[in-house]
Amino acid sequence: NPRPAAQIKAEQIIAQARYESEQTRKETDSYIINSFKNVQSELEKVTHQINNGIDALNKELPESSKER
């Protein structure tokens, strides 16, 4: 019982669409991961700068004024 040519073509189109959808999802996930890594790096830099600022200010305060 052979399948009609239109059915075969439809299955090929669906398979191609699924493949392309999966590729797009992988590319999107990769882009998001890289974006998150960049944000994480920037946050680490800012955190380091904040800690340096806190340390610098603490050095100027008398010992009794420092937070614990």
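1. A residue is called buried under 20% relative accessible area, exposed over 50%, and partly exposed in between (1.4 Å probe, protein chains only). By that scale isoleucine 32 is partly exposed, because its relative accessible area is 35%. Isoleucine 32 sits in helix 1, which covers residues 5-60.

2. The model is predicted, so local features need pLDDT of at least 70 and side-chain atom pairs count only at pLDDT 80 or more, while totals for chains, interfaces and linings use all residues. Residues are numbered from 1 along each chain as its sequence is written, and side-chain values use heavy atoms, with hydrogens and water left out.

3. The chain has one helix and zero strands; helices (H or I, at least four residues) and strands (E, at least two) are DSSP runs, numbered from the N terminus. The chain is more spread out than a compact globule, because its radius of gyration is 28 Å, well over the 11 Å that the globule rule gives for 68 residues. That radius is taken over C-alpha atoms, and the rule is 2.2 Å times the number of residues to the power 0.38. The C-alpha trace spans about 90 × 15 × 10 Å along its principal axes. Glutamate 22 and proline 62, 40 residues apart along the chain, have C-alpha atoms separated by 61 Å.

4. How much of the chain counts as buried? The figure is 0% of the 68 residues. The accessible surface comes to about 6,500 Å², and 55% of it belongs to carbon and sulfur atoms. Areas are from the Shrake-Rupley method with a 1.4 Å probe; for residues, only the protein chains shown count as cover.

5. Tyr31, Ile32 and Phe36 make a nonpolar surface patch of about 370 Å². Patches are made of residues with over 30% relative accessible area and no salt bridge; like charges are joined within 9 Å, nonpolar side chains (Val, Leu, Ile, Met, Phe, Trp, Tyr) within 5 Å.

6. The chain carries 10 positive and 11 negative charges, and their mean positions are 7 Å apart. Lys and Arg count as positive and Asp and Glu as negative, with His and the chain ends not counted; the place of a charge is NZ of Lys, CZ of Arg, CG of Asp or CD of Glu.

7. The structure holds four salt bridges, each being a side-chain nitrogen of Lys or Arg within 4 Å of a carboxyl oxygen of Asp or Glu. One of them joins glutamate 11 to arginine 3 at 2.3 Å, N to O. Glutamate 11 is partly exposed at 34% relative accessibility, and arginine 3 is partly exposed at 46%.

8. Arginine 25 and aspartate 29 form a salt bridge, with the closest N and O atoms 2.5 Å apart. The two residues are separated by about one helical turn, because they are four residues apart in helix 1. Arginine 25 has a relative accessible area of 41%, and aspartate 29 has 32%. Glu22, Arg25 and Asp29 are linked in a network of salt bridges. Glutamate 22 is also found in helix 1 and is partly exposed at 31%.

9. Glutamate 42 pairs with lysine 45 in a salt bridge whose closest N and O atoms are 3.5 Å apart. Both lie in helix 1, three residues apart, about one turn of the helix. Glutamate 42 is partly exposed at 45%, as is lysine 45 at 46%.
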